[in-house]
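Student: I have just opened this structure and would like to learn how to read it. Could you walk me through a few features?

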Amino acid sequence: MIHSVRLEQVPEQLIAAARQRTTFKMISKEIQPLLSLPWAFLRARAGFRPDGRNVAIYWDAAGGGSIEVGVEVTSRFEETDAVVCSATPAGTVAATTHLGPYDQLGAAHHAVREWCRQNGRKIAMPYWEIYGHWDDDPAKVRTDVLYLVK
């Protein structure tokens with residue numbers, strides 16, 4: 001798949017998230033258990049958008065570090081030991097849309113990083129993935145990949 005990269009201005013998006021330190025080799029095994037924490041938190045509370053998309057925020061450089069995995073929400077809330085009120089940052093991003101299986105997301109990240117290099121854009125932290133609603137057809141699974149840039 002060819003990934004077309006675009007510059008966008010994005011607003012802050014609140015998320016209910018679980019936070020952890022990990023490596024990229026482990027994230028595929030850890031993401032589902034982590035994501036179950038904010039979903040359980042939201043199911044137990046009224047007033048949150050029930051159809052928010054899942055989001056993974058990578059706060060450190062490639063190789064691993066601090067991640068937050070969560071669900072978009074419409075308002076701030078009181079945190080617990082397991083779930084924090086976080087947000088994707090507002091600002092300029094280099095972004096692409098990946099259609100296909102999650103195990104092929106590396107190509108989307110590579111496309112954005114290469115576009116930034118070729119266009120003189122410095123990558124700032126964090127970067128994040130926004131997962132579209134599930135589709136049983138793997139070719140229709142949508143993930144938006146966004147890198148904050150200067």
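Student: What should I know about the model itself?

Tutor: It is a predicted model, in which local features need pLDDT of at least 70 and side-chain atom pairs count only at pLDDT 80 or more, while totals for chains, interfaces and linings use all residues. Residues are numbered from 1 along each chain as its sequence is written, and side-chain values use heavy atoms, with hydrogens and water left out.

Student: How many disulfides are there?

Tutor: A disulfide is a pair of cysteine sulfur atoms within 2.5 Å. By this rule there are zero disulfides.

Student: Which strands pair with β6?

Tutor: Strands are DSSP runs (E, at least two residues), numbered from the N terminus. Two of them pair if DSSP finds at least two bridges between them. β1 and β6 pair antiparallel over five bridges, with Q9 partnered by T92 of β6. Antiparallel pairing also links β6 to β8, through seven bridges; there, A94 has Y147 of β8 as its bridge partner.

Student: Why is β6 described as largely enclosed?

Tutor: Strand β6 spans residues 91-99, and eight of its nine residues are buried, so the rest of the structure largely encloses β6.

Student: Where is T88, and which residues does T88 touch?

Tutor: T88 belongs to strand β5, residues 84-88. T88 is buried, with a relative accessible area of 4%. Contact means heavy atoms within 4.5 Å. Leaving aside residues up to four places away in sequence, T88 touches P11, E12, Q13, V55, I57 and W128.

Student: How much space lies in the second largest pocket?

Tutor: On a 1 Å grid over the protein atoms alone, a pocket is an open set of points with protein on both sides within 12 Å along at least five of seven lines, and lining residues have an atom within 4 Å of a point. Grid points are joined across faces, edges and corners, and the volume is the space filled by probe spheres set on the points. The second largest pocket holds about 160 Å³. Its lining has 13 residues, with V10, R53, W128, I130 and L146 closest to the centre.

Student: Which element gives the most to that lining?

Tutor: β1 does, with three residues.

Methods
Helix = DSSP H or I, 4+ residues; strand = E, 2+ residues; numbered from the N terminus. Buried < 20%, exposed > 50% of the residue type's maximum accessible area, 1.4 Å probe, protein only. 1 Å grid on protein atoms, 1.4 Å probe; cavity = no way out; pocket = protein on both sides within 12 Å on 5 of 7 lines; lining within 4 Å.
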